[in-house]
Amino acid sequence: MKQKLKTSVIGSYPISINTQDLIKDYFAEQQTSWTKYINQAVHDMTSAGINYVSDGQTRDPFIQLFTRKLKGCRIRERTEIIGRVEYQDPITVPDQIYTKRLLPRHVGLIGVLTGPYTLMKSSVDSFYHDEKELAFDFATALRKEAELLLKHVDLISIDEPVFSNELPQYANELIQKITNGLSRPTRLHVCGDVSRIIPQLVDMPVDILSHEFKASPHLFDVFQDYPCRKNMCVGAVRSDDVIVESVEEIVTHVKKAIAIFDTNVVQIAPDCGQRLLPRDIAFQKLKNLAAAGEILNGG
Ligand SMILES: [Zn+2]
């Protein structure tokens with residue numbers, strides 16, 4: 001039987017932050033409650049009809065979200081590495097537990113991890129002076145977070161945007177450190193132009209590959225040159241353009257993907273996180289994505 005196509009997101013979602021609330025919390029010496037921002041993101045994703053949602057990554061930008069909680073990291077303008085990187089407390093787990101409670105039973109939750117290579121490359125290292133060692137210590141910490149996430153999420157997605165600019169020789173081993181033997185499906189999201197690294201990507205130790213096929217449709221042609229048995233999450237609406245793609249345009253685009261990857265197309269999603277789009281545009285794109293998903297599933 002043909003596997004059903006699912007709609008999903010990559011991670012981040014735009015939210016409307018109420019500055020008045022932030023000021024009020026500041027003067028009351030209260031920690032701002034981020035749950036209302038998770039509520040906004042999850043409300044939009046579920047009412048658009050998306051099958052696999054995230055918490056919207058509203059709490060912090062995707063680097064600090066992790067490095068703020070890891071031992072050995074200090075946040076200045078960027079993350080600074082001042083000691084050995086070690087896992088201390090759950091990082092995203094409390095937000096995932098909260099998000100899961102908001103979801104109808106048929107909606108899946110994605111636990112999103114910023115990849116170890118991207119964390120390493122985005123930090124200023126004053127301790128290791130060895131990129132590989134630092135990247136592997138990030139991976140060891142992320143593995144611990146992934147193990148705790150398993151109980152609460154349906155899919156673990158690793159976000160490694162830096163891979164499209166620079167893929168280290170040890171990339172496969174690094175991702176393996178996180179995904180090895182996990183009891184949930186795993187997805188590797190690499191945005192940007194990945195055409196150069198497709199031969200390596202098709203061998204990555206994950207279940208699903210996720211790339212921005214909408215902004216970079218030439219990726220379809222390059223993928224055709226390499227046998228790919230991986231399941232695919234096909235970027236089908238742009239994350240860097242406010243023009244909302246019509247349902248018909250999305251259907252045509254995904255049919256092109258199906259002609260190449262066949263039943264391995266298991267998810268369709270925006271090209272990347274939607275944080276930089278206006279909220280109403282991000283929502284409309286998700287709505288059209290969900291409508292296209294229904295048509296493609298024969299509904
Ligand atoms: Zn991305």
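Reader: Is Ala 41 buried or exposed?
Author: Ala 41 counts as buried because 26 C-beta neighbours lie inside 10 Å. Buried means that 20 or more other C-beta atoms lie within 10 Å of a residue's own, exposed means 12 or fewer, and partly exposed is in between, with C-beta atoms placed from the backbone. This is a predicted model, in which local features need pLDDT of at least 70 and side-chain atom pairs count only at pLDDT 80 or more, while totals for chains, interfaces and linings use all residues. Residues are numbered from 1 along each chain as its sequence is written.

Reader: Where is Ala 41 found?
Author: Ala 41 belongs to helix α2, residues 35-48. Helices (H or I, at least four residues) and strands (E, at least two) are DSSP runs, numbered from the N terminus.

Reader: And which residues is Ala 41 in contact with?
Author: Leaving aside neighbours within four places in sequence, Ala 41 is in contact with Tyr 13, Ile 15, Asp 55, Gly 56 and Thr 58. Contact requires the C-beta atoms of two residues, placed from the backbone, to lie within 7 Å.

Reader: Turning to the sheet, what is the strand order?
Author: The order is β1-β11-β10-β9-β8-β7-β5-β2, an open sheet of eight strands with parallel pairing. Two strands pair if DSSP finds at least two bridges between them.

Reader: Which strands stand at the edges?
Author: β1 (6-7) and β2 (52-53) do; each has a single partner strand, so one side of each is left without a neighbour in the sheet.

Reader: How many bridges join β8 and β9?
Author: Strand β8 (residues 186-189) and strand β9 (residues 208-211) pair in the parallel sense over three bridges. Leu 188 stands opposite Leu 209 in β9.

Reader: What does helix α10 lie across?
Author: Helix α10 (residues 247-261) lies across β10 (231-237) and β11 (265-270), at about 155° to β10. Axes are lines fitted to C-alpha atoms, for helices over the stretch in contact, and angles run from 0 to 180 degrees between N-to-C directions.

Reader: Which residues of α10 are buried?
Author: They are Ile 250, His 253, Val 254, Ala 257 and Phe 261. These residues cover an arc of only 95° around the axis, which puts them on the same side of α10. The arc is that of the directions from the helix axis to the C-beta atoms.

Reader: What about the other side of α10?
Author: There, Glu 248, Lys 255 and Ala 259 are exposed.

Reader: And which residue follows α10?
Author: Asp 262 follows α10, and its phi is positive, near 55°.
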